[in-house]
Amino acid sequence: MLPVWLFAAYLLVAYALHEQSRIEQEARWTARQMSLVVEGELASLQTLLDGLSKSPSLANGDLQAFGTEARRLVQGTDQVITLRDFEGRELASTEPENGSKLPSAQPLTAPEREQLQLAGILVSNAYAAPGSNQYRIAVSRQVSGASGVPLLLSISVPTERIRLVMLPAVPEGWTIGVGDREGKYVARSKLHDQVTGRPGLPEYVEKIVGRSGSFRSRNFQGGTLLAGYYRSPYSEWFYTANIPLAEVQAPLWRSLAQIGATGLAALFISLALAYVVGKRLTGATGGLAAGADALGSGRAVQEVSTTVAEFALISQAMIKAQYAIAERTRELETVLETVPAAVWFTYDPQARQVIRNRFAAELMGLPTEAHITFGRPDQVIDTLAYKDGQPVSRENRPLSKAMRGEETSNEEFMYTLPSGVQRYLLSSARPVRSPEGSIIGAVQISLDISERKRGEEQRKLLVHELNHRIKNTLAVVQAIAGQTLRNATSLAQARVALSARLVSLAKAHDILTRENWSGADLADVIAASIEPHAPLDRFDLAGEQVWLPPSTALSFALAFHELTTNAIKYGALSNATGLVSISWRLERADQGGGILELEWREKGGPPVAPGKPGFGAQLLQRAFAGEKAGGVELVYERAGLRCLFTVRLEHELTLIPTG
């Protein structure tokens, strides 16, 4: 029954996930649809404002006539039209005059002014109407008064009107909420009078991020609900569609109850059947246990009489096993031929006549077809052996020591075969004793650890190479530090210059480390050297892929650092328009290798003139001097500095690695 239950659980989880996704999507879609309904009503209010903004009385500055026209437009409705200046002073209104002048409205905030300028329309947050407990919202637009003075024309309606507009579109079982930019409720399909103008629950509002989405949260009554939301780009209001989570999960729990009841009934039936069948099995099991005990003790196995065909088959198999055990010697030889370890047996007190498996013969370079030898000295035993670099005589080897009753555990030996091949073996040996305790033979098992030993030698070589590279790097750092301090005019200048040069050297080291110090791509070295100092869009790079040796890569890294800092101080990068062109090409030789020619050319900077060579120029000359490296030529043209590099590359380092 367990697979059936697992499959049912899988179906249940899949169904639950599907239902959850479907309802979340439905919640988001409902919120979006509700925004279209409400935004349509807001658009109709905007249309009224658009028509009223073209009033001639407004353009002529006749505010009394404009107020009469506005009152006639909203007569018999709950709409209120107001004309204010941008300081909040009311100029005209359709509200009935009650003898007291209303206080000035708050001026628009900076975000509201920005929204009005961008969209041409501004939808307000929910606010309490002055002199009443009614909450309203307003749609405003900018208009021009007399002499082109900018004014703010608004039309407001109670938030109850928003609720009435959206009620016909609310799906059954859902609760729709509308919130303003401050997280206050504008309208709600249920409990509208209790929540309008009030802020929503913080844990609810803070989950409304982005344009659209869904989430779970508590409501005002403390229940958990599933909500989908949509934030309108027109009004920046958010619209939420909520449904109690219990209603969403009710079908799932009913399905779970049905599946659980069915599973329990099936389990009860299975247990009853298992009890009936188990009675028949226990008797046959006892007979098989007795047969197995007899087989292990060397006694004859009696056939088990049972109606269970499988148990009868096992009984026959144990009888056949009696005869198979008689051939265990042959089976042991088969195992020895298969095991991936060298195995030697001997019954010779001098351990010169041995039986070896196929793996031992292959390991020692002997013929595999004659792996069982008697009557002659075995070639493996006479092979030269060493332990800790010292020769080991035949009497002190593991198999001979085991014949004397000694045990060897995980000792390493190096064997030199007649062919000159060296093998490292990890060997263990034990004596074979008779029931009385006397030694009748010995066995040795060895594992080939040649690859591991070679790996250890390789690691030692790598450590030596690392020490060598560290010494070279320290020498380079020492030279840079010495030259920087000698050429610096102040300690602060020395600190900055030294830090920049060491960073450039470190970045080149990072590139070489990623490539296991096999070399570096020229383009990567250029980018790593100039990026910390200047944007790459000020450089024009052109050239094929070239793989640099480690030492050449470090020299180029220092050279590009010096050229870049010089261009920033005095050259093309000292202004906002200058550019640097870096181009290179590789002349390949017939016998391999090649000559790398690289040009650094500055243009667009201030005119340059040759001066006294500084540390940068000395570094370039020293880093690329010599027959192998090539040379460096500095050309001070009026348009900008040109630096020409000529570098000879080794044959194996001119191609980009593919691994």
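# Close-up views of a predicted model

**View 1. Glu 24 in helix α1.** Glu 24 counts as buried because its relative accessibility is 16%, where buried means under 20% relative accessible area, exposed over 50% and partly exposed in between (1.4 Å probe, protein chains only). The residue lies in helix α1 (residues 2–52); helices (H or I, at least four residues) and strands (E, at least two) are DSSP runs, numbered from the N terminus. Not counting residues up to four places away in sequence, Glu 24 touches Ser 214, Arg 216 and Leu 226, contact meaning heavy atoms within 4.5 Å. The model is predicted: local features need pLDDT of at least 70 and side-chain atom pairs count only at pLDDT 80 or more, while totals for chains, interfaces and linings use all residues. Residues are numbered from 1 along each chain as its sequence is written, and side-chain values use heavy atoms, with hydrogens and water left out.

View 2. Strands β10 (residues 224–231) and β11 (residues 238–244) run antiparallel and are joined by seven bridges. In β11, Phe 238 stands opposite Arg 231. Axes are lines fitted to C-alpha atoms, for helices over the stretch in contact, and angles run from 0 to 180 degrees between N-to-C directions.

**View 3. The ring pair of Tyr 204 and Phe 215.** Eight aromatic pairs are found in a search of the whole structure. Rings of Phe, Tyr and Trp (its six-membered ring) pair if their centres lie within 6.5 Å; planes under 30 degrees apart count as stacked, over 60 as edge-to-face and the rest as tilted. Tyr 204 and Phe 215 have ring centres 5.2 Å apart and planes at 75°, so the pair is edge-to-face. Because Tyr 204 is in helix α7 (residues 202–205) and Phe 215 in strand β9 (residues 212–218), the pair ties together parts that are eleven residues apart in sequence. Both Tyr 204 and Phe 215 are buried.

**View 4. The hairpin of β1 and β2.** Strand β1 (residues 80–84) and strand β2 (residues 90–93) run antiparallel, joined by three bridges. Thr 82 has Ser 93 of β2 as its bridge partner. The hairpin has five residues between the strands, and Gly 88 takes a positive phi near 95°.

**View 5. Two nonpolar cores.** A nonpolar core is a set of buried Ala, Val, Leu, Ile, Met, Phe, Trp, Tyr and Cys residues joined through side-chain atoms within 4.5 Å. The largest has 42 residues, and those with the most contacts inside it include Leu 42, Ile 137 and Trp 237. Helix α1 gives the most to this core, with nine residues. A second, separate core has 33 residues, among them Val 525, Ala 559, Leu 596 and Leu 649.

**View 6. The mixed sheet with β20 and β24 at its edges.** This open sheet of five strands has the order β20-β22-β23-β25-β24 and mixed pairing. Strands β20 (539–542) and β24 (631–637) are the edge strands, each pairing on one side only. The twist averages 10° from one strand to the next. Helix α15 (residues 522–530) packs on the sheet and touches β20, β22 (579–588) and β23; its direction makes about 155° with that of β22. Eight bridges join β23 (residues 594–603) to β25 (residues 640–649), and the two run antiparallel. Leu 649 in β25 is the bridge partner of Gly 594.

**View 7. An aromatic cluster.** Ring pairs link Phe 539, Phe 556, Phe 560, Trp 600 and Phe 645 into a cluster. Phe 560 is buried, with a relative accessible area of 0%, and Phe 645 is buried at 1%.

**View 8. Confidence along the chain.** The protein chain has a mean pLDDT of 79, with 83% of its residues at 70 or more; pLDDT is the predictor's confidence in each residue, from 0 to 100. Confidence is lowest in helix α13 (residues 450–487), at a mean of 63, and highest in β20, at 94. Over residues 370–381 the pLDDT is below 50, and this stretch has 30 contacts in the model beyond near neighbours in sequence. Where pLDDT is low, the predicted coordinates should not be read in detail.

Notes: Pairing = 2+ DSSP bridges.
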